[in-house]
Amino acid sequence: MSKLSRRALITTGMVATASASGLVVAAKLAKRYGLIPPDSGGIYGPGETLTYAAQRLLTRHSLAREFSRSQISAKPFANEVTPLGDGFQRLQQGAFADWRLVVDGLVARPASFSLAEVKSFPRRSHITMIQCEEGWSYIAEWTGVPLSDVLERVGAAPQVRYVVYRSFQTDWWESIDMADALHPQTLLTYGMNGGELPVGFGGPLRMRVTRQLGYKSLKYVTQLTLTDNIKQFGKGLGSAEPEGGYAWYAGA
Amino acid sequence: MAETPRPRHSILVRVTHWLITLAFLALLVSGLEIVVSHPRFYWGEVGNVNTAPLFQIPIPSSRNLVPTAYGYVLPDQNGWSRYLHFQSAWVLVLVALLYGLAGLFNGHFRRNLLPSLSDVSPKRLASSIVEHFRFKRPRAEEAWSYNLLQRLAYLLVIFVLFPMIIWTGLAMSPSFVSAVPAAVNFLGGQQSARTLHFFLTWALVLFVLVHIFMVFLAGFRSRMRAMITGRAPEPLERV
């Protein structure tokens, strides 16, 4: 064996050992600081973990762009809504007076709020873009109560790591980490462009997560569950989306 | 013909070349699949089926609310396409960073890609273009170095097209632009970024097609061997 190739061999060995131990350390740190998404298993796990970890490190407190009133889309697109059924129609006929938002899980004071109560909480509005994973988008003014306000109201436990939220359409449920749950732009919205939030756009109550794609902005929200263990929900992948083959984290 | 001990392409160039090839193919396939869910393109910040597109590709869609000329809807494949697209993007970005930093420090760019000053003249450029359009098999010494047009094409791909396609991709990420709003504002909006991303894809596809054509013209076996094993025939004058 020549000197050169022995040196190359030693260097390669050292680089390989360093990268392997670096990866192990990185994985441990990522786990400790909550940088691993619930759908980190499987062949696309590494890419998802890199995206989620990188964005959590770089963008934890950043605000989504807000737009001027003149930039509000004249023709927003509601997207397809599968029929909501008789139960929903009855609620709609009663002007959603009987709509309830249940908040449970790791909270000091579990609650069931009426829509009127939710609307009585401090409100915030922002003009932001909603982007569908398919590629289309629109800008609207969204009005609602900051999710952080609701979490404070029910006394969220300090160990809470995720907020799971469910839709009236029971197949749909989502979850976000605390960086998004406590984010000032994350709202439970009931108003759009100055009026009531139309049913097509998720009325009477829609989650708005401004720094993620549209599917995290779940329509027809009926329940919030605060948890420190996301694995116990559904198939343990964090939301209904990964069960259908889509990424849990949609910051893209 | 004698084999040289020195590789035609360094191990780093060879490994990164094929990793980027793989990542690019995965990005291309998954990217085109994602386009199928909304084959309409817009300019500015926003666009959806209720607004007029800049243009629409005449293909069927995987969403039934997208108006197309076809009476059927394709199955939704965006789940794996998006997972694969972003994972491949990470491979591409990390490998490209390794290649770029190494090339900067070990002189690969300066030595092998930067044309010599005397070569960058309209006359030289014109003659290089004419030579290419004659589709002549390159001279033997070109097995060991890149010609002028080749250098310029590689520099364009490495320092303009790839950085631009990564940038326009990041400009579509709602989370990334929340931290770096200038990334999308500078491009004129999120839909502009998407449209540019699409055109940059075709620029890179065009490069790949011409690149493969030139490999065949220069001698498929010898060029592939040089990029896989590093071995290449000795230049004639050295035999």
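## The loop holding B:F135

In this predicted model, B:F135 sits in the loop between helix 4 and helix 5 (148-170) of chain B; helices (H or I, at least four residues) and strands (E, at least two) are DSSP runs, numbered from the N terminus. The residue has a positive phi of about 50° although it is not a glycine. B:F135 is exposed, with 9 other C-beta atoms within 10 Å. A residue is called buried if 20 or more other C-beta atoms lie within 10 Å of its own, exposed if 12 or fewer, and partly exposed in between, with C-beta atoms placed from the backbone.

Helix 4 of chain B, which B:F135 follows, has twelve residues and reaches 16 Å from its first C-alpha to its last, close to the 16 Å expected at 1.5 Å a residue. The expected span is 1.5 Å times one less than the number of residues in the helix. This helix is hardly covered, as the count of buried residues among its twelve residues is zero.

## Model basis and confidence

Residues are numbered from 1 along each chain as its sequence is written, while chains are lettered from A and ligands numbered from 1 in the order in which they are written. Since the model is predicted, local features need pLDDT of at least 70 and side-chain atom pairs count only at pLDDT 80 or more, whereas totals for chains, interfaces and linings use all residues.

The model scores ipTM 0.90 and pTM 0.92. Chain B averages a pLDDT (the predictor's confidence in each residue, from 0 to 100) of 92, and 95% of the residues score at least 70. Among the elements of chain B, the lowest mean pLDDT, 88, belongs to helix 4 (residues 122-133) of chain B, and the highest, 98, to strand 1 (residues 40-41) of chain B.

## Overall form of chain B

Chain B comprises eight helices and two strands, arranged along the sequence in the pattern α-β-β-α-α-α-α-α-α-α. Its C-alpha atoms fill a box of roughly 70 × 40 × 35 Å, taken along the principal axes. Of the 239 residues in chain B, 26% are buried.

Two residues are in contact if their C-beta atoms, placed from the backbone, lie within 7 Å. Among contacts in chain B between residues at least 6 apart in sequence, 65% join residues at least 24 apart.

## The interface between chains A and B

Across the interface, 36 residues of chain A are in contact with 32 residues of chain B. Helix 2 (45-59), strand 3 (124-131) and strand 4 (137-146) of chain A each supply at least two residues of the side of chain A that touches chain B. Helix 2 of chain A contributes the largest share of that side, eight residues. By class, the side of chain A that touches chain B has 15 nonpolar, 14 polar and seven charged residues. Here Ala, Val, Leu, Ile, Met, Phe, Trp, Tyr, Cys and Pro count as nonpolar, Asp, Glu, Lys and Arg as charged, and the others, Gly among them, as polar.

Helix 2 of chain A has 15 residues and reaches 20 Å from its first C-alpha to its last, close to the 21 Å expected at 1.5 Å a residue. Buried residues in helix 2 of chain A include A:G47, A:E48, A:Y52 and A:R56.

## The sheet of chain A

Chain A contains an open sheet of five strands in the order 2-1-10-5-6, with mixed pairing; two strands pair if DSSP finds at least two bridges between them. Strand 2 (111-114) and strand 6 (173-177) of chain A are the edge strands, each pairing on one side only.

Strand 5 (residues 162-167) of chain A runs antiparallel to strand 10 (residues 221-227) of chain A, and six bridges join them; A:V164 has A:T225 in strand 10 of chain A as its bridge partner. Five bridges join strand 5 of chain A to strand 6 of chain A, also in antiparallel direction, and A:V163 stands opposite A:I176 in strand 6 of chain A. A hairpin links strand 5 to strand 6 of chain A through five residues. Both faces of strand 6 of chain A are covered, with A:W173, A:S175 and A:D177 buried on one side and A:E174 and A:I176 buried on the other.

## Backbone features in loops of chain A

A cis peptide bond joins A:G203 and A:P204, with omega about 15°. A:P204 is found in the loop between strand 8 (195-196) and strand 9 (206-208) of chain A.

A:F96 lies in the loop between helix 3 (85-93) and strand 1 (100-105) of chain A. Its phi is near 60°, a positive value in a residue other than glycine. A:F96 is partly exposed, with 19 other C-beta atoms within 10 Å.
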